[in-house]
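Here is a short report on a protein model.

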Amino acid sequence: MSGQAVDVKARVGEFTNEPLVDFSQGENRRKMKEALAKVKGELGREYELRIGAERLQTKEKIKSINPSHPDQVVGVFHGGTPELVEKAVETAARTFETWKEVPYQQRADTLFRAAERMRRRKFELSAWMIYEVGKTRVEADADTAEAIDFCEFYGREMLRLGPPQPLTPVPGEKNYLEYIPLGVGAVIPPWNFPAAIMIGMTTAAIVTGNTVVLKPSSDSPTIAAKFVDIMEEVGLPPGVLNFLPGRGSQVGDPLVLHPKTRFVAFTGSKQVGLRISELAAKPQPGLKWVRRTVLEMGGKDAIIVDNEADLDAAADGVAAAAYGYQGQKCSACSRAIVVKDVYPEFLKKLEERVKKITVGPAEDPNNYMGPVINHSAMKSILEYIEIGKKEGRLLTGGVAVKDKDGYFLTPTVFADLAPKARITQEEIFGPVLAVIPAKDYDQALEIANDTEYGLTGSVYSKNPEKLRRAASRFHVGNLYLNRKCTGAKVGAHPFGGFNMSGTDSKAGGRDYLLLFLQAKAVSEKLA
Ligand code: NAP
């Protein structure tokens with residue numbers, strides 16, 4: 001191992017998760033308040049595209065708005081066009097020739113320095129998310145912490161994967177295997193973890209020696225622009241990270257289909273993920289490779305409540321996983337499957353908790369739930385609520401919050417659902433929970449597995465044998481026992497699902513960077 005690798009490794013030490021901010025401390029509440037005031041003064045600015053060293057303006061405009069106060073503009077973005085996609089991919093392809101030669105230790109170090117900057121600007125980054133996507137301070141802080149974790153974790157992972165890898169010795173030969181980058185990657189994140197997922201996918205691609213065209217979600221381009229600033233500040237060469245805001249419907253296809261796009265890293269809905277999968281696989285003139293896709297998609301995640309469960313813990317876990325960030329997490333609990341002996345008691349406990357949930361502007365720390373992301377999400381969730389009223393029994397919620405101008409919905413629980421009802425099968429992506437009775441634990445497991453998704457799941461039971469049965473039969477990428485199904489931590493809970501939840505990748509895990517690399521074996525016959 002080179003001296004430089006040893007130095008960086010010794011300097012950074014072992015990976016540990018970034019601690020969450022303790023808002024019970026007055027000092028932290030003050031810092032958050034100051035950050036909100038500072039960012040408020042910066043709302044509404046214009047942001048340019050960045051391709052190589054150029055900053056570009058276009059006639060296409062994308063307005064990012066605050067879902068708590070839709071008349072407040074968070075940022076105005078010059079949007080990409082198919083011509084600019086061409087320019088961005090060509091620039092990234094040219095820059096790849098030099099970036100891939102930069103020693104892996106130096107690439108890793110860029111991530112460590114970016115993490116340090118983010119740590120220093122933690123409250124400010126969280127404030128941007130409070131305004132841009134309606135996260136409460138606790139949710140925004142967890143997002144920022146996860147973004148820092150991705151930089152720290154993937155930096156260390158690159159130090160592990162960078163040197164030649166061990167091989168079986170063969171007499172008379174010198175053999176080695178090294179991981180090399182792929183080329184230009186299109187990185188297409190969602191808005192719901194606008195820092196963590198966007199930064200995780202982008203830094204994984206960059207640290208492995210690839211170059212990137214980053215197309216942020218049109219609902220959260222500002223936090224992406226702040227990240228691009230940070231990467232510039234820590235000296236990432238121009239052209240490694242090209243920033244191309246634009247409507248997915250306009251720039252998505254040209255970006256995926258460009259013959260020099262070597263891979264696509266996408267997180268978002270099943271519908272868009274499957275479209276990317278199909279387009280990326282299409283043979284075309286000039287295409288020299290089978291494009292790689294890393295697709296992380298939706299979920300219809302279930303928590304099973306067994307008759308041997310601690311019902312208070314289960315009701316706490318279900319309420320937190322169903323309504324944290326308004327249920328807009330791919331890992332959110334949208335189905336509670338409850339064994340019939342404890343069904344009435346569980347419903348009572350759940351209802352008590354849900355009725356206490358406060359809803360309102362995300363910047364107000366008294367609110368547990370903020371708004372849903374935009375008008376079209378609100379409309380679609382309300383349509384599902386109407387469907388739910390026909391399919392099940394509305395226990396609580398089910399309405400838009402009147403007297404407020406943002407996209408606020410009450411936390412909603414439907415009881416007595418059939419396993420195959422639409423609201424128990426389709427991803428709603430909002431604060432709507434379907435509760436399904438099961439005759440026994442085995443049937444609960446069957447119901448849990450009976451959707452097209454397989455992302456997260458959880459079981460509450462005090463019976464160790466039942467927990468073991470879940471570990472072998474509950475088919476999800478992230479299974480939690482006696483805890484809620486949200487809140488995966490980088491390194492500790494490598495994250496990603498099965499079936500229609502994606503391509504079985506594990507963000508924040510030890511095999512994630514391999515998705516952005518290819519292995520080259522070199523064998524030399526010795527004289
Ligand atoms: P989305 O509508 O699929 O959008 C995701 C990204 O794709 C956005 O940047 C969007 O850009 C872009 N896009 C839209 N149409 C495109 C096209 N034709 N070609 C290429 N890109 C296109 O999803 P979302 O509403 O942002 O996110 C919510 C979804 O993400 C949920 O289904 C959730 O379960 C899933 N999710 C999954 C995970 C996971 O780890 N499995 C994590 C988080 C979220 P525009 O914004 O410009 O439309």
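The report covers the basis of the model, then helix packing, then cavities.

## Basis

This is a predicted model; local features need pLDDT of at least 70, side-chain atom pairs count only at pLDDT 80 or more, and totals for chains, interfaces and linings use all residues. Residues are numbered from 1 along each chain as its sequence is written, and side-chain values use heavy atoms, without hydrogens and water.

## Helix 9

Helix 9 spans residues 248–257. Helices are DSSP runs of H or I with at least four residues, strands are E runs of at least two, and both are numbered from the N terminus. Val251, Gly252, Leu255 and Val256 of helix 9 are buried (under 20% relative accessible area, 1.4 Å probe, protein chains only). They cover an arc of only 125° around the axis, which puts them on the same side of helix 9. The arc is taken from the directions from the helix axis to the C-beta atoms.

The buried residues of helix 9 pack against helix 3 (82–99), strand 7 (184–188), strand 8 (211–214), strand 10 (261–267) and helix 10 (270–281). Contact means heavy atoms within 4.5 Å.

## Cavities

The structure holds 2 cavities of 30 Å³ or more. A cavity is a set of points on a 1 Å grid over the protein atoms alone, where a 1.4 Å probe fits but cannot get out; lining residues have an atom within 4 Å of a point.

The largest cavity has a volume of about 100 Å³. Its lining has 15 residues, with Gly327, Ala332, Ser334, Phe429 and Gly430 nearest the centre. The second largest cavity has a volume of about 30 Å³. Met118, Leu125, Ile199, Ile223, Lys226, Phe227 and Ile230 line the second largest cavity. Helix 8 (residues 221–233) gives the largest share of that lining, 4 residues.

Terms used
Buried means under 20% relative accessible area, exposed over 50%, partly exposed in between (1.4 Å probe, protein chains only). On a 1 Å grid over the protein atoms alone, a cavity is a set of points where a 1.4 Å probe fits but cannot get out, and a pocket is an open set with protein on both sides within 12 Å along at least five of seven lines; lining residues have an atom within 4 Å of a point. Grid points are joined across faces, edges and corners, and a volume is the space filled by probe spheres set on the points.
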